[in-house]
Amino acid sequence: MDLGPYTSFIATSYLAAALVVVLLIGWIAIDYRTQKARLRALEESGISRRSGRAATDIQ
Amino acid sequence: MSLIDLANPTRFLALAARLLPWLALVTVGLLAAGLYLSAVAPDDYQQGATVKIMFIHVPNAWLSMFVWGVMSIASLGTLVWRHPLADVAAKAAAPIGASFTFLALLTGSLWGRPMWGTYWEWDARLTSVLILFLMYLGLMALWRSVEDPTRAARAAAVLTLVGAINLPIIKFSVDWWNTLHQPASVMRMGGPALDKSFLIPLLVMAVGFSFLFITLHVAAMRNEILRRRVRSLQMMQARAYPGSAPASGATGQIVGAA
């Protein structure tokens with residue numbers, strides 16, 4: 001595929017989009033693991049929700 | 001499951017767990033198809049291969065406004081109906097919308113240099129989108145600066161609704177003022193002005209990016225619900241054991257939990 005004289009502009013656009021999307025996915029995935037770990041730590045220390053259900057339960 | 005059931009965060013978490021793998025699958029499929037169609041799309045007779053930047057730039061520009069629209073509807077949910085998930089939805093959408101807006105500005109600038117001879121021009125369209133980006137950042141700063149999520153939600157909802165005034169300004173800026181930016185060529189009276197060879201890859205990429213937003217938004221809402229559970233458990237812990245240190249792994253999160 002020949003992108004002509006503006007290859008750098010086109011490639012930079014696509015690479016920047018890919019980088020931002022990967023960073024967003026990574027940030028959300030790490031945040032999820034962090035919150036789950038904090039909830040587990042709190043429950044293991046004897047703190048539970050008023051409903052009696054585990055905070056990490058999803059049902 | 002009716003819509004009202006989703007007002008329950010626990011039910012939302014259950015639904016998110018079931019939906020996320022499918023949403024991710026559809027997103028990957030659509031973006032893969034869109035990238036392929038973008039790669040094989042012909043060069044424009046005037047712009048050459050730089051027209052390929054459009055397939056990234058336009059979906060991000062659309063989503064930058066769409067996400068603020070979603071946040072505005074969620075803000076109404078916060079202020080009018082006090083829906084328990086409304087401010088969760090608004091807060092979770094802001095960083096994603098900011099990312100799309102940043103990409104719209106960056107790719108627009110990279111497209112502008114070879115086509116207009118400049119990376120940036122202080123004209124109505126570019127400036128109003130830059131203002132949108134700054135409003136996203138301001139909203140995120142507001143959320144982080146107020147410890148209580150309920151109080152932060154009301155202030156953020158008002159700011160979001162005021163900021164929604166910028167959306168029609170962005171949309172119609174190319175008609176109201178002289179600007180380097182081209183007028184609307186897809187969503188306009190009389191139908192799209194683009195040839196099918198450009199329109200189809202553009203629409204596939206736009207739908208792909210829209211599914212990307214939905215997927216990331218559902219995942220970020222799930223995280224926000226969990227963050228609020230952490231906060232409420234930490235407050236229970238502080239009441240039950242005054243003066244005790246937070247459980248390991250939760251150090252210092254009471255302030256940052258909002």
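What share of the 258 residues of chain B count as buried? I looked this up before anything else, keeping in mind that the model is predicted, and I noted that 40% of the residues of chain B count as buried.

**Entry 1, the two chains.** I went through the secondary structure of each chain in turn. Chain B has eight helices and zero strands, and I read its pattern along the sequence as α-α-α-α-α-α-α-α. For chain A I found one helix and zero strands, and of its 59 residues 20% count as buried. I also checked how far apart in sequence the contacting residues of chain B lie: among contacts between residues at least 6 apart, 74% join residues at least 24 apart.

**Entry 2, the interface.** How many residues of chain A are in contact with chain B? I noted 29 residues of chain A, in contact with 39 residues of chain B. Sorting the chain A side by class, I wrote down 20 nonpolar, six polar and three charged residues.

I looked up helix α2 (residues 54-81) and helix α7 (residues 196-240) of chain B, whose axes come within 9 Å and cross at roughly 45°. Because of that angle, α2(B) is oblique to α7(B), and I recorded the crossing of α2(B) past α7(B) as right-handed. On the α2(B) side the residues that meet α7(B) include B:Met54, B:Phe55, B:Trp62 and B:Val67, while those on the α7(B) side include B:Pro201, B:Met205, B:Phe209 and B:Phe213.

The next pair I examined was α4(B) and α5(B), with axes that come within 9 Å and cross at roughly 170°. With an angle over 145 degrees, α4(B) is therefore roughly antiparallel to α5(B). I listed B:Met135, B:Leu139, B:Leu142 and B:Trp143 in α4(B), which meet residues of α5(B) including B:Ala152, B:Ala156, B:Leu159 and B:Gly163. The contact of α4(B) with α5(B) divides into eight nonpolar, two polar and no charged residues.

Which residues touch the most other members of the largest nonpolar core? Out of its 70 residues, I wrote down B:Val67, B:Met71, B:Ala89, B:Ala90, B:Ala93, B:Ile96 and B:Leu216. The elements that give two or more residues to this core are α1 (7-44) of chain A and, from chain B, α1 (9-40), α2, α3 (86-116), α4 (124-145), α5 (149-163) and α7. α7(B) gives the most to this core, with 17 residues. I then followed B:Ala93 and, leaving aside residues up to four places away in sequence, found that B:Ala93 touches B:Val67, B:Val70, B:Met71 and B:His217.

I ended with B:Leu226, which lies in helix α7 of chain B. Is B:Leu226 buried or exposed? With 22 other C-beta atoms within 10 Å, against a cut-off of 20 or more, B:Leu226 is buried. Again not counting residues up to four places away in sequence, I found that B:Leu226 touches A:Gln35, A:Lys36 and A:Leu39. I also looked up its separation from B:Ile56, which is 170 residues away along the chain, and noted 33 Å between the C-alpha atoms of B:Leu226 and B:Ile56.

Terms used
Residues numbered from 1 in each chain as written. Chains lettered and ligands numbered in written order. Predicted model: local features only at pLDDT ≥ 70, side-chain atom pairs only at ≥ 80, totals over all residues. Contact = placed C-beta atoms within 7 Å. Nonpolar A, V, L, I, M, F, W, Y, C, P; charged D, E, K, R; others polar. Axes fitted to C-alpha atoms, helices over the stretch in contact; angles between N-to-C directions. Helix = DSSP H or I, 4+ residues; strand = E, 2+ residues; numbered from the N terminus. Parallel < 35°, antiparallel > 145°, perpendicular 65-115°, else oblique. Left-handed = near helix turned anticlockwise from the far one by under 90°. Core = buried A, V, L, I, M, F, W, Y, C linked by C-beta atoms within 7 Å. Buried ≥ 20, exposed ≤ 12 C-beta atoms within 10 Å, placed from the backbone.
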